Amino acid sequence: MPTEHDPVELVCLGRVSVDLYGEQVGAGLAATQSFRRYIGGSAGNTVVGAARLGLRAALASQVGMDAFGDYVEEQLRREGVATTALRRDPQRGTGTIALAPHAGGGFPRIFLVEDPAEFAMSPAQLDAELVRGATGLLVGGTYLSRPHLRETTVAAVAAAREAGTRVVFDIDYRPAFWGVVSRSKGEDEDTVRPEVTEGLRVVLPDCDVVVGTVAEFRALGGSRDIAEAVREVRRHTGALLVVKNGPEGCRAYPGDLDAPVVMPGFPVKVLNSVGAGDAFMAGFLRGYLRDEPIETCLRWAGACGAIVVSRLACSDATPSMAELETFLASADRTAGVHEVSPLLDREQAATVTRHRARTDLGVFAMDHRGYFEKLAADAGRAPESISALKDLLLTAFATVSADRPGTGVLVDDRFVGQAQLERLADGGRWLARAVEINGRIPLDFLGDGDPAALVRAWPVETVVKVLVRVSADDDDAVAAVQRDRLRALSRICRSLQRDLLVEILPSPRKQYGPGEVTTLVRDFYAADVVPAWWKLPPQADAAQWHAVADVIRREDPHCRGILVLGGSTSPELIEANFAAAATEPLVVGFAVGRPIFHELSVRWFAGELTDDDLVAGIAAGYTAVLDRWHAATAHREDR
C-alpha cells in the first residue's frame with residue numbers, strides 16, 4: 001500500500017457514489033429482496049481498481065457530510081486510495097444508486113439521491129497541485145455533461161498539460177446524465193445527439209489517450225458508422241485511441257488507423273455486466289502509467305474486465321495484481337475465468353479484503369459455553385448468572401484494552417447480549433464470535449445450521465471463529481463431513497468478506513502427536529479451507545512451530561497469523577509455551593481464557609468474590625498474560 005508521503009501516479013476526477021447491488025441476480029428491482037453496498041461511480045470504481053493493482057492513486061470528487069460519505073472515505077482509505085482531494089459537501093447527500101445487475105446490458109437502477117454531492121464539484125474545489133504532481137489524470141465524459149462540471153474538468157486538464165501530466169479520457173457516455181433519455185434507461189449508449197458529441201469533444205485535443213466502447217466512439221465521432229466515427233475522432237486528436245468491444249476484445253490505434261493493435265477478449269461466464277469498463281480502465285492505466293508496451297496494457301485491461309463480469313459488484317470485484325497474474329497464468333481462453341474462480345477468490349480474500357496489517361494480538365477468549373454451564377450448575381446457580389458473569393468479564397477486558405493496544409476478545413452469542421456485542425463492535429476492538437454449536441461432532445453451526453445467514457447479520461469487521469475437534473485418525477465419514485462444512489464456511493466468509501479464524505483441538509480422548517497439527521493444516525488447505533487466522537494448540541518445540549508456519553506461508557502468504565492457545569492454567573507452562581511459539585514470526589499472539597478466569601469465576605459463583613473483586617482480578621490476570629507474551633517476543637526485530 002502506498003503511504004501518504006508517496007507521490008501520486010494517478011488522479012481520477014469524476015463520480016463516486018454508493019451502489020446498492022441487488023443480491024438476487026437477474027431479478028428486477030421490484031423483485032429484489034436484499035442488497036449489498038459498494039463504492040460505485042466510474043471514477044470511484046476505477047481508482048479502487050488502480051490502487052488494487054498497485055498504482056498510487058487519488059480520487060478528486062465529492063460526497064455528502066453523511067454516513068454514506070463516511071463509508072466512501074473510509075473504504076477508499078482501506079483500499080489505499082489517497083483522499084486528500086475528496087471533498088465533503090454539507091448541503092448535499094452522497095450519491096446512492098440501487099441496481100439490479102444481470103448478465104445483459106440495460107440493468108434497472110434507481111437514483112435515490114437527487115442532486116448528489118458528486119455532481120456539485122466546482123473548479124474552486126479542485127486540487128490543481130495534486131494534478132500537476134501526478135503521472136496521469138483520468139477524466140470522464142459524465143463530468144462534461146453539466147457546465148460547472150465541465151469547467152472543473154477543463155481546469156484539471158489545463159493543470160495537467162502545464163505540468164506534463166498525461167491526460168486519459170474515458171468517454172463514459174451515459175445518456176441519462178446528458179438528459180437524452182430517462183434515468184431508468186441510463187445504459188442506452190446508442191442514443192446520440194449533436195449537442196452530446198460537441199460536449200464530449202471539449203477536452204479531446206488535450207488528451208493523450210481516449211478510451212471507450214464502440215457505442216461511445218459513435219457518440220464522440222458523431223456517426224453511427226464506427227469506422228467513420230473513429231476517423232472523425234482522429235481528426236480532432238493525435239491521442240492513442242482504445243476501442244472496447246466487449247467479449248470480442250479491443251483494439252488500439254496509436255497513430256495510423258489502418259494498423260491497429262488488436263487484443264482478443266477472454267471468454268468468460270458473465271454474471272454481471274456492470275463495471276467491466278471501469279476495471280478495463282484500471283488495468284490499462286496500471287500498464288500505461290508504468291510505461292508497459294501497449295500490448296501488455298490491453299491484455300491487462302481485458303483480463304481485469306473479464307474478471308469483474310464474472311462477479312457481483314463493481315469496485316469490490318476488481319482484482320489485485322496477484323489475482324490478475326493468477327488469471328493470466330491459469331485461464332485458457334476457451335474455458336475462461338469461471339474455471340479458475342475458486343483460486344481467484346482465494347487470491348482476492350488474501351490480497352484485497354484483509355485490510356489490517358499483521359501485528360501482535362493478545363486475545364481474551366471467553367466464548368466457552370458448556371464450560372460455564374457446568375461451573376454454574378456445580379455452584380447451584382441459574383444459567384442466567386452466566387450472562388452476568390460474562391458481562392463482568394467484558395468489563396475487565398474493556399478496562400485493560402483501553403490502555404493496551406493489540407488486544408482483542410473472543411465471545412459467544414448465547415451468554416453475551418446484543419448490547420454488549422454492539423459496544424464491542426463500536427469500540428473498534430478486535431472482535432471474534434463463535435459460529436459453531438458447542439461440543440457438536442461432526443461440526444455443526446449456529447443459526448439453524450445456516451452460517452451464511454448468521455454471519456451476514458454481524459458487523460463486517462467481526463471475525464468468524466470456528467472450533468473443530470479433529471485428529472488425523474478420525475473416522476473417515478466424520479472427517480469428510482467436517483471437511484465439507486469447513487470448506488463451505490470458508491467460502492461463505494470469502495463471499496461475505498469476513499475474516500475466518502479456525503481453531504483446532506484434538507478429537508475427544510486424543511492428543512496430538514509430533515507433526516500432526518502440520519498435517520491437519522495442510523489437509524485443510526487442500527480442501528480449500530483458507531482462514532485469515534489460525535488458533536492452534538501449543539507445539540512441543542520451535543521446529544514444530546516452524547513446520548506448521550511453513551505450510552501456511554506456502555499456501556497463503558497473506559495469512560494474518562497464528563494465535564497460540566494457553567494450553568494450561570499454570571503460569572509457568574504458559575510462559576514455556578509462549579517461549580516456543582515466539583520463535584516463529586507467524587505466531588503473532590495468543591488466545592487465552594481459562595487460565596485467566598477459571599479460579600476467579602468459581603469463587604464468584606460461590607459468592608466469595610464481589611463483582612468489583614472479580615473485575616479487578618480478571619484485569620490483573622489478563623494483563624499478566626499480555627506481559628508474558630510481550631516478554632517472550634521482545635527479541636523480535638520487527639517489534
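Biologist: Helices here are DSSP runs of H or I, at least four residues, and strands are runs of E, at least two, numbered from the N terminus. How many helices and strands does the chain have?

Modeller: The count is 21 helices and 21 strands. This is a predicted model: local features need pLDDT of at least 70, side-chain atom pairs need 80 or more, and totals for chains, interfaces and linings use all residues. Residues are numbered from 1 along each chain as its sequence is written, and side-chain values use heavy atoms, without hydrogens or water.

Biologist: What does the C-alpha trace span along its principal axes?

Modeller: About 85 × 50 × 50 Å.

Biologist: And how much of the chain is buried?

Modeller: Of the 639 residues, 55% are buried. Buried is under 20% relative accessible area, exposed is over 50%, and partly exposed is in between (1.4 Å probe, protein chains only).

Biologist: What share of the contacts joins residues at least 24 apart?

Modeller: The share is 72%, taken among contacts between residues at least 6 apart in sequence. Contact means heavy atoms within 4.5 Å.

Biologist: Let's do helices. At what angle do α9 and α10 pack?

Modeller: About 95°, with the axes 10 Å apart. Helix α9 covers residues 294–309 and helix α10 covers residues 321–330. α9 and α10 are therefore roughly perpendicular (65 to 115 degrees).

Biologist: Which residues make that contact?

Modeller: From α9, R299, W300, A303, C304, A306 and I307. From α10, M321, E323, L324, F327 and L328.

Biologist: New topic. Which residues does a cis peptide bond join?

Modeller: I441 and P442 are joined that way, with omega of about 0°. P442 sits in the loop between β16 (430–434) and α15 (451–456).

Biologist: Is D172 buried or exposed?

Modeller: D172 is buried, because its relative accessibility is 4%.

Biologist: Last one. Where does A215 lie?

Modeller: A215 is in helix α6 (residues 214–221). A215 is buried, with a relative accessible area of 12%. Its C-alpha is 20 Å from that of G238, 23 residues apart along the chain.

Methods. Axes fitted to C-alpha atoms, helices over the stretch in contact; angles between N-to-C directions. Parallel < 35°, antiparallel > 145°, perpendicular 65-115°, else oblique.
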